[in-house]
Amino acid sequence: MINQLRPGAVRTVRVTGFDGADVLVQLVDAEGEKAEIARIPRQEASMRRMDHPSELFEVGQEINAEEIGRWREGQLHLSARACEIPALRSFLLAFERGQVVDGTVSEVHNFGVFVHVDGEPDGFCTGFIRVPDLTWGWINHPSEAVEAGQRITAEVIIAETRTGQVTLSLKALRRSGSGPTCSTAASPRPAW
């Protein structure tokens with residue numbers, strides 16, 4: 001089964017060809033064994049836009065890719081996008097569920113809030129807060145809870161190497177019923 005969220009082991013693979021828009025690879029780090037054939041699905045090839053993975057990969061090229069699970073008769077599936085930017089991967093792997101982080105709200109949309117997490121690599125906006133994780137109270141729009149440029153303290157729900165994102169929660173650091181507003185200082189953890 002494909003693992004949707006948790007980072008997997010990194011494997012060194014050699015591109016052997018393409019199956020439609022998927023990349024076929026052979027493991028090169030298997031010592032003394034027949035090298036296993038694996039697949040990188042098109043959506044796991046890169047964070048960059050492309051028409052076909054052949055724009056990014058050549059047959060014979062060696063790359064690193066993260067294991068994401070087994071599918072169809074046990075074939076190993078990998079994600080090249082999870083290893084594409086080593087500095088981003090290292091940053092994301094440093095997070096643990098429940099860790100408290102600081103950041104600055106970058107953008108507020110009707111579907112959620114983007115946050116520049118302190119210490120993230122330049123050029124990235126890694127934090128995201130879903131609307132249900134903003135507050136315990138009812139809000140019509142995320143702008144009722146936070147605004148762009150605001151400093152926040154939030155709790156890590158999960159860091160995903162494949163999406164390059166840290167899912168955060170403001171609500172987790174507040175008592176139930178504390179309302180939609182967000183303090184700029186760290187809130188005490190609930191005692192429940």
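These questions and answers cover the fold, pairing and packing of a predicted model.

Q: Which pattern does the chain follow, read along the sequence?
A: The chain has 1 helix and 10 strands. Its contacts with a separation of 6 or more include 58% between residues 24 or more positions apart. Read along the sequence, the pattern is β-β-β-β-β-α-β-β-β-β-β.

Q: How many residues lie between S6 and S7 in their hairpin?
A: S6 spans residues 100-109 and S7 spans residues 112-117. They pair in the antiparallel sense over 6 bridges. Gly 103 has Val 117 of S7 as its bridge partner, and Val 105 stands opposite Val 115. The number of residues between the two strands is 2.

Q: Which residue in S8 stands opposite Phe 114?
A: Strand S8 covers residues 127-130. S7 and S8 pair in the antiparallel sense over 4 bridges. Opposite Phe 114 stands Phe 128.

Q: How many residues does the second, separate core have?
A: Among its members are Val 13, Val 23, Leu 76 and Ala 80. The core is separate and its size in residues is 15.

Q: Which Arg does Leu 134 touch, not counting residues up to four places away in sequence?
A: Leu 134 is one of the residues with the most contacts inside the largest nonpolar core. Its partners include Val 113, Ile 129, Ile 139, Pro 142, Ala 145, Val 146 and Leu 170. Lys 171 is also touched, and the Arg is Arg 174.

Q: Why do the buried residues of H1 line one face of the helix?
A: H1 runs over residues 86-93. Its buried residues are Leu 88, Arg 89, Phe 91 and Leu 92. Seen down the axis of H1, they line one face because they fall within an arc of 160 degrees.

Q: Which exposed residues does H1 carry on the face turned away from its buried side?
A: The buried residues of H1 pack against S1, S4, S7, S9 and S10. The face turned away from that buried side carries exposed residues. They are Pro 86 and Ser 90.

Q: How far apart in space are Leu 24 and Ile 40, C-alpha to C-alpha?
A: Leu 24 lies in strand S2, residues 22-27. Its contacts include Arg 14, Val 15, Phe 18, Ala 38 and Arg 39. In sequence, Leu 24 and Ile 40 are 16 residues apart. In space, C-alpha to C-alpha, the separation is 6.4 Å.

Terms used
Residues are numbered from 1 along each chain as its sequence is written. This is a predicted model: local features need pLDDT of at least 70, side-chain atom pairs count only at pLDDT 80 or more; totals for chains, interfaces and linings use all residues. Side-chain values use heavy atoms; hydrogens and water are left out. Two strands pair if DSSP finds at least two bridges between them. A nonpolar core is a set of buried Ala, Val, Leu, Ile, Met, Phe, Trp, Tyr and Cys residues joined through side-chain atoms within 4.5 Å. Buried means under 20% relative accessible area, exposed over 50%, partly exposed in between (1.4 Å probe, protein chains only). Contact means heavy atoms within 4.5 Å. The arc is that of the directions from the helix axis to the C-beta atoms.
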